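Welcome! Keep the picture beside you as you read.

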Amino acid sequence: MGIPTEPIGSVPRPAELVQGFADHAEGRIDAATLRALTDKALADTVNRFEATGSPVVTDGEQDKPSFLTYPVAGIPDLAAGGAVVPFADGHTRELPVLTSGPFRYTAHAADLLRATRQLTSLPVKQPVIAPSALSLLYPAGGIDGYSREQFTADLVDETEADIRACLEAGAAVVQLDFTEGRLSLKLDPSGGLLRDFVALNNAVLERFSDEDRTRIGVHTCPGGDQDSTHSADVDYAELLPELFRIKAGRFYVQLASEPDRRRVLGIIAEHLPADARVFVGVTDPIDPRVETAEEVRDRVLEAAEFIPVERLGTCDDCGFAPFADDTSTSRDTAFAKIAARVEGTRLAEAALGV
């Protein structure tokens with residue numbers, strides 16, 4: 001098989017689609033016009049993925065206004081005033097809060113997957129948001145007539161259904177985005193919130209067979225929005241042992257931007273479950289410089305000093321534009337980095353003889 005290489009998820013949207021999201025939100029264009037812009041962006045995204053030689057493609061999350069709240073975008077029982085996520089450069093993202101129940105998805109990842117599969121013969125990876133992230137929508141003060149326990153039960157059901165539908169629709173891989181994992185240790189250094197997140201994610205994943213879980217992965221990173229992070233200062237040594245308790249067959253770990261990659265690789269090697277594969281980040285989406293294929297190769301060879309090649313893969317550190325309005329990275333830069341990852345991984349395979 002060699003060394004598998006996969007994208008994480010989002011790529012920057014074309015400028016006309018970014019404007020289209022804004023125009024639709026303000027009522028200047030209708031849903032059909034926005035759909036046409038999205039379909040055009042999706043087709044271009046798939047074509048550009050294929051041009052990089054990528055063995056696996058995604059939809060680049062062109063259809064998602066936010067990687068986090070896409071399942072509930074536009075529902076009436078959300079209000080402003082939720083958790084605020086601060087980034088290192090000073091900007092913030094505020095989550096909405098749920099105002100009534102029952103909790104239900106209004107958009108499903110399987111629909112996005114089907115649209116992408118119509119455009120390519122390559123395997124398609126489908127990112128979904130982890131239930132732990134959506135658990136933050138429930139307000140601290142509760143909801144009259146709709147308890148946190150009821151909400152959690154509905155959330156687990158909805159997440160399971162979303163993942164299962166993707167697997168049944170032919171996803172090569174379903175990836176849970178778990179960026180809140182590292183952030184949780186900043187919010188609660190005791191680790192209690194992280195353990196709660198892991199337990200909630202496992203409540204979903206335990207409903208799947210061992211075979212299914214070989215096609216389900218979890219991605220962790222310190223956030224990546226407008227070329228800034230929310231938790232890069234949190235020590236991976238506090239996160240990774242708990243992360244690897246999640247019952248997934250694949251783990252996608254941001255690594256390229258870590259200041260001491262060898263230390264992190266040692267932690268991964270110590271705690272990675274025996275039946276799991278780890279995909280290490282070899283390109284940094286928030287660094288404007290495009291890595292060379294040779295740099296990527298060397299990062300793969302470094303990782304292979306710690307992790308058996310048969311359990312190693314490569315990825316980008318995180319998505320390039322998890323929020324639709326993030327234009328800090330161009331599409332050209334994103335796909336140049338993806339091409340470098342693909343080529344550098346192939347160079348590493350040749351060097352390792354696999």
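A residue counts as buried when its relative accessible area is under 20%, as exposed when that area is over 50%, and as partly exposed in between, using a 1.4 Å probe and protein chains only. Helices (H or I, at least four residues) and strands (E, at least two) are DSSP runs, numbered from the N terminus. What you see is a predicted model, in which local features need pLDDT of at least 70, side-chain atom pairs count only at pLDDT 80 or more, and totals for chains, interfaces and linings use all residues. Residues are numbered from 1 along each chain as its sequence is written, and side-chain values use heavy atoms, with hydrogens and water left out.

Let us begin with helix α1, residues 15-25, where Leu-17, Val-18, Gly-20, Phe-21 and Asp-23 are buried. Helix α2 (31-51) is included in what covers these buried residues, where contact means heavy atoms within 4.5 Å. After α1 comes Gly-27, with a positive phi near 80°.

The loop between β1 and α1 holds Pro-12. Pro-12 is buried, as its relative accessible area is 3%. Leaving out residues up to four places away in sequence, Pro-12 touches Gln-62, Phe-320, Ala-321, Thr-329, Ser-330, Arg-331 and Ala-334. Pro-12 and Asp-325 are 313 residues apart along the chain, yet their C-alpha atoms are separated by 8.7 Å.

## The sheet

In which order do the seven strands of the open sheet stand? The order is β1-β11-β10-β9-β8-β7-β6, and the pairing is parallel. Two strands pair if DSSP finds at least two bridges between them. At the edges stand β1 (5-6) and β6 (125-129), and each has a single partner strand, so one side of each has no neighbour in the sheet. Strands of a sheet pair through backbone hydrogen bonds, either parallel or antiparallel.

Two bridges link β1 with the parallel strand β11, residues 312-316, and here Glu-6 is opposite Cys-315. Elsewhere in the sheet, β8 (residues 216-220) runs parallel to β9 and is joined to β9 by four bridges; Thr-220 has Val-253 of β9 as its bridge partner. Strand β9 is covered on both faces, with Arg-250 and Tyr-252 buried on one side and Phe-251 and Val-253 buried on the other.

## Two helix pairs

Now compare how two pairs of helices meet. Axes are lines fitted to C-alpha atoms, for helices over the stretch in contact, and angles run from 0 to 180 degrees between N-to-C directions.

| α3 (109-117) and α5 (148-168) | about 20° | 8 Å apart | Ala-109, Ala-110, Leu-113; Asp-162, Ala-165, Cys-166 |

The contact of α3 with α5 has five nonpolar, no polar and one charged residues. In the contact of α6 with α9 there are three nonpolar, one polar and two charged residues.

## Loops worth a look

Ile-246 and Val-198 lie 48 residues apart in sequence and 6.0 Å apart in space, C-alpha to C-alpha.

The loop between β8 and α9 contains His-230, which is buried at a relative accessible area of 5%. Most residues other than glycine have a negative phi, and most peptide bonds are trans. Gln-226, however, has a positive phi near 55°, and Asp-227 has one of about 60°. Gln-226 is partly exposed, with a relative accessible area of 33%. Finally, a cis peptide bond, with omega about 0°, joins Gly-101 and Pro-102.

Notes
Ala, Val, Leu, Ile, Met, Phe, Trp, Tyr, Cys and Pro count as nonpolar, Asp, Glu, Lys and Arg as charged, and the others, Gly among them, as polar.
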